[in-house]
Amino acid sequence: MDRTAQAAFDFLAEDDHQLIIYSALKKLGIRQNDARFEDLVQEGWILFVTIYQKYPQNPQELPKQFLAYAHQALYRRFLNQLQATQRETKHLETSEVDLSGVPQMLDVVAETIDAELLKGWLGKCNEAERRFLIDRIYYQLTPSEISQKWGVSRQTIYKWQKRIRSKLMDE
């Protein structure tokens, strides 16, 4: 019995097995128009490998039972992730913005941004958007570098950037 990541991906790609990822997301109310959808689908493929490898029996022998098990496991893991994100967002929205962890200014661009202005911007953003602003302004990382750093797609980075612009334009 082959339990490699490649075997798991091959199994998931067979027939319509990948539908369990979409089904688990649908059960959580996450549809294709949700900003998190694409990243969660990718996360589902990665989570599936772990589920496949840890399944006690051979997933190939009784695929329907395994797929039911994997669907439930994906649902629970997605649910845990979403709840953790909600808790973090709620905590950040109710707490004071602390700039003490932000590094010293690195260049002329960063020096031109008033600390109070930046604090106001960060106060309007969720955690992901805050990380993006700090990485972009202080560390001067490119969108590709930021996406690699946080393990999200570049498209997600561009969505964050668009939402930040929208929030700041509403001032």
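Student: What makes H8 and H9 roughly perpendicular to each other?

Tutor: In this predicted model, the axes of helix H8 (residues 143-150) and H9 cross at roughly 110° and come within 8 Å. Axes are lines fitted to C-alpha atoms, for helices over the stretch in contact, and angles run from 0 to 180 degrees between N-to-C directions. Angles of 65 to 115 degrees count as roughly perpendicular, under 35 as roughly parallel, over 145 as roughly antiparallel and the rest as oblique. H8 and H9 are therefore roughly perpendicular.

Student: Why are H2 and H3 called oblique?

Tutor: The axes of helix H2 (residues 19-27) and H3 cross at roughly 125° and come within 10 Å. H2 and H3 are therefore oblique to each other.

Student: Which handedness does the crossing of H2 and H3 have?

Tutor: The crossing of H2 and H3 is right-handed, and H8 also passes H9 in a right-handed crossing. A crossing is right-handed if the near helix is turned clockwise from the far one by less than a right angle, and left-handed if anticlockwise.

Student: Where does the largest pocket lie, and why?

Tutor: Domain 1 (5-94) and domain 2 (115-170) both contribute residues to its lining, so the largest pocket lies between them. H4 gives the most to this lining, with 7 residues.

Student: How many residues line the largest pocket?

Tutor: The lining has 26 residues, with Arg 36, Thr 85, Arg 131, Val 152 and Trp 160 nearest the centre. Lining residues have an atom within 4 Å of a point of the pocket, an open set on a 1 Å grid, where a 1.4 Å probe fits, with protein on both sides within 12 Å along at least five of seven lines.

Student: How is the model read?

Tutor: Residues are numbered from 1 along each chain as its sequence is written. Local features of this predicted model need pLDDT of at least 70, and side-chain atom pairs count only at pLDDT 80 or more, whereas totals for chains, interfaces and linings use all residues.

Definitions and conventions. Heavy atoms only, no water. Helix = DSSP H or I, 4+ residues; strand = E, 2+ residues; numbered from the N terminus. Domains from an automatic or database assignment.
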